[in-house]
Amino acid sequence: MEGFRVLGGEILEGQVRLDGAKNAVLPILAASLLPEGETVIRDCPDIRDVHAMAGILKTLGCDCFWRRGVMRIQNSGLKHWEMPDGLSKQIRSSIFLLGPILGRLRRATVTYPGGCEIGLRPIDLHLKGLRALGVQIVDEGGAIYCDGSKMHAGDVYFDYPSVGATENVMMAAALLPGVTTIHNAAREPEIEDLQQFINRMGGRVHGAGTQLIEIEGVQALHGIDYAPIPDRIVAGTLMCAAAVTGGRVEICNVHPWDLIPVMDKLKEMGCRIAEEGEALTVDAPERLRAFSILQTQPHPGFPTDMQAQMLAAACLARGTSVIVENVFENRLSHVADLCRMGADIRVSGRTAVVQGVEALRGQRVTARDLRGGAALVLAGLAAEGETVVENIGLIDRGYARLEEMLSGLGARIQRIQLTTEEHHVSAAFTP
Ligand code: EPZ
C-alpha cells in the first residue's frame, strides 16, 4: 500500500501549471461516444478516474490511448450498450455514460454505480431526466435496463441542480430531433465546458452556466481536438497549500472567475490574491484568520469539493470558523484525523465548528475520500513533525502526482511504500 510522508514546516513558494479539470474531462470522455470517429482531449490529467473511464469506453468497443497528457478516443467500434458491473461500481461517474450510449444506440444497461465515501449518491434525477425524454427504464436487481427506441426531445425539471444528471440529459438530447429544455440545470463551469465541447462537435446547446439549458438535436456530430478547462479544484487545493504554510504560490493557467467563492474565503482569512488574466498569485499571511462561516452550495455558491481543504486551513487560523456541508451527507470524515493531529473541531450533523489552534502535530492518518485525503496532506504541510497519509489511492483519483506538484513548490513530501505492520519503510528525504 502506498502513502505520502510529509515533513511539515516548509513555506511553499513558486509557480505551478494545472492539467485539465477531472470533472470536465470525465463527462467529455462520455460525450466522445456521440460523434463517429476520433476525438482528441489535451491536458488530460493522468489520474485514476480518467483511466477508469477510458477502460469502460474500451469495453464498449472504443479504442482509447493516453500518452503524455493527450487522450485519443476512436469510437467507430462502439457496439456494446451494456456497462460491465465491476466498472460501473469502480467509478461513480460511469452513470453519465447512459446519456451518450442512449444517444447513439438507443439502448443501454448499467448497474447502479452505488454510493461512495461521501454519500449514497442516488441517481433518481438522472433517471427522471431520461424518462422525460421517453426512455423506458426498468430497474431490476441492481441493474437499469433502458429502452430508448421511442426517445424524443422533452422538458426536464430537476428538483435539485444535479451536475451529473444535467450532463446526462445534455448528452442524451444532443442527437435527438427537436429541442430539449432543462429547467433548474446545474451551473458549474464544467457544464459550460461540456456545452462548448458538444457545440464544437457540431451540436447546438445553449444556456449552460444558467438554470435553463436548451439542446437542439442534430443529425450527427464529428470528432474534434479539444482542450478542457483547467482544474479549479486542484487550483483551490494549491491555493490552500500556500495559505496553510504562509507561502506565495502563482498558478499560471487558471480561470479566476471560476474560483470567486474560494478567493473570497481565502481573502477573509488574510491572504492577498492577485489576478492577472488566466493566472493568479496567492500571498499568505504568517498566520491565517478564521472565516466566519462557509456554506457549500451548488455553483455559483461555495464548491463542496473545496470544503475539506478549507476546513484544514481553518484548523490553524486565529479564531472560530463554521463550516456547513449542504451538498453531500457524509463529507466530514476528515475531521477525525485532523483532531488526531491536534485540531479543535466539533461536529453536529453537517456542521463543523473549528477553533483554530497554534499548531498541529504530525500523525499517521488515513484518506477516507478524495478531497478529505488532500485536506490531510495540507494539514501535514503545516504540522510539526512527520505526517504519514495512508490510502492515497483515493487521492490519486483526482490529483496527478500531488507529491510532485507540492515538492515543486518546496514541500517535503514523498510517496512511500507502507508495510502492513504499524511502521513504514521511511526513505531518506532526497534533497
Ligand atoms: C459532481 O458529482 C462531481 N463529480 C463531484 O466531484 C462534485 O462534488 C458534485 O458534482 C457537486 O459539485 C464529477 O463531476 C465527476 P450531483 P455528481 O449530482 O454529478 C444528489 C470530486 O471530488 N443527487 O450534483 O454526482 C447527490 O446525492 C467529486 O471531484 C440526487 O439526490 O453531483 C448530492 O447530494 C465528488 N439524485 C447532490 O445531489 C441524483 O440523481 C449533488 O450531486 C443525483 C444527485
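# Pockets, a cavity and helix packing

Biologist: How do you know where the largest pocket lies relative to domain 1 (2-18 + 230-423) and domain 2 (22-226)?

Modeller: Domain 1 and domain 2 both give residues to its lining, so the largest pocket lies between them. The model is a predicted one.

Biologist: What volume does the largest pocket have, and which residues are the closest to its centre?

Modeller: The volume is about 1,000 Å³. The lining counts 46 residues, and R92, R121, V163, G164 and F328 are the closest to the centre.

Biologist: Which element gives the most to the lining of the largest pocket?

Modeller: That is α1, with 4 residues. At least two residues each come from α1, α5 (124-132), α6 and α12 (370-382).

Biologist: How do the residues of this lining divide into nonpolar, polar and charged?

Modeller: The lining of the largest pocket has 20 nonpolar, 9 polar and 17 charged residues. Of the residues closest to the centre, R92 and R121 are arginines, and Arg counts as charged. V163 and F328 are also in that group, and Val and Phe count as nonpolar.

Biologist: What makes up the lining of the second largest pocket?

Modeller: The second largest pocket has a volume of about 340 Å³. It is lined by 18 residues, with V244, T245, E286, L316 and A382 the closest to its centre. Two or more residues each come from α8 and α12, and α8 gives the most, with 3. By class, this lining has 10 nonpolar, 3 polar and 5 charged residues.

Biologist: How many cavities of 30 Å³ or more does a search of the whole structure find?

Modeller: The search finds 1.

Biologist: Why is it called a cavity and not a pocket?

Modeller: A 1.4 Å probe fits in a cavity but cannot get out, whereas a pocket is open, so a space that holds the probe without a way out is a cavity. Here the lining consists of A21, K22, N23, E190, D231, R232, I233 and R371. Two or more of the lining residues come from each of α1 (22-31) and α8 (232-245). By class, the lining has 2 nonpolar, 1 polar and 5 charged residues.

Biologist: How do you know where the largest cavity lies relative to domain 1 and domain 2?

Modeller: Both domains give residues to its lining, so the largest cavity lies between them.

Biologist: At what angle do the axes of α8 and α10 cross, and what is that arrangement called?

Modeller: The axes of α8 and helix α10 (residues 307-314) come within 10 Å and cross at roughly 5°. Angles under 35 degrees count as roughly parallel, so α8 is roughly parallel to α10. I233, T237, C240 and V244 of α8 make the contact with Q309, M310 and A313 of α10. These residues divide into 5 nonpolar, 2 polar and no charged.

Biologist: At what angle do α6 and α7 pack, and what is that called?

Modeller: Helix α6 (residues 163-173) and helix α7 (residues 189-200) pack at about 10°, with axes 10 Å apart. With the cut-off at 35 degrees, α6 is therefore roughly parallel to α7.

Biologist: Which residues in α6 and α7 meet?

Modeller: V163, T166, E167, M170 and M171 in α6 meet E190, I191, L194, Q195 and I198 in α7. This contact has 6 nonpolar, 2 polar and 2 charged residues.

Key:
Residues numbered from 1 in each chain as written. Predicted model: local features only at pLDDT ≥ 70, side-chain atom pairs only at ≥ 80, totals over all residues. Heavy atoms only, no water. 1 Å grid on protein atoms, 1.4 Å probe; cavity = no way out; pocket = protein on both sides within 12 Å on 5 of 7 lines; lining within 4 Å. Points joined across faces, edges and corners; volume = space filled by probe spheres on them. Domains from an automatic or database assignment. Axes fitted to C-alpha atoms, helices over the stretch in contact; angles between N-to-C directions. Parallel < 35°, antiparallel > 145°, perpendicular 65-115°, else oblique. Contact = heavy atoms within 4.5 Å.
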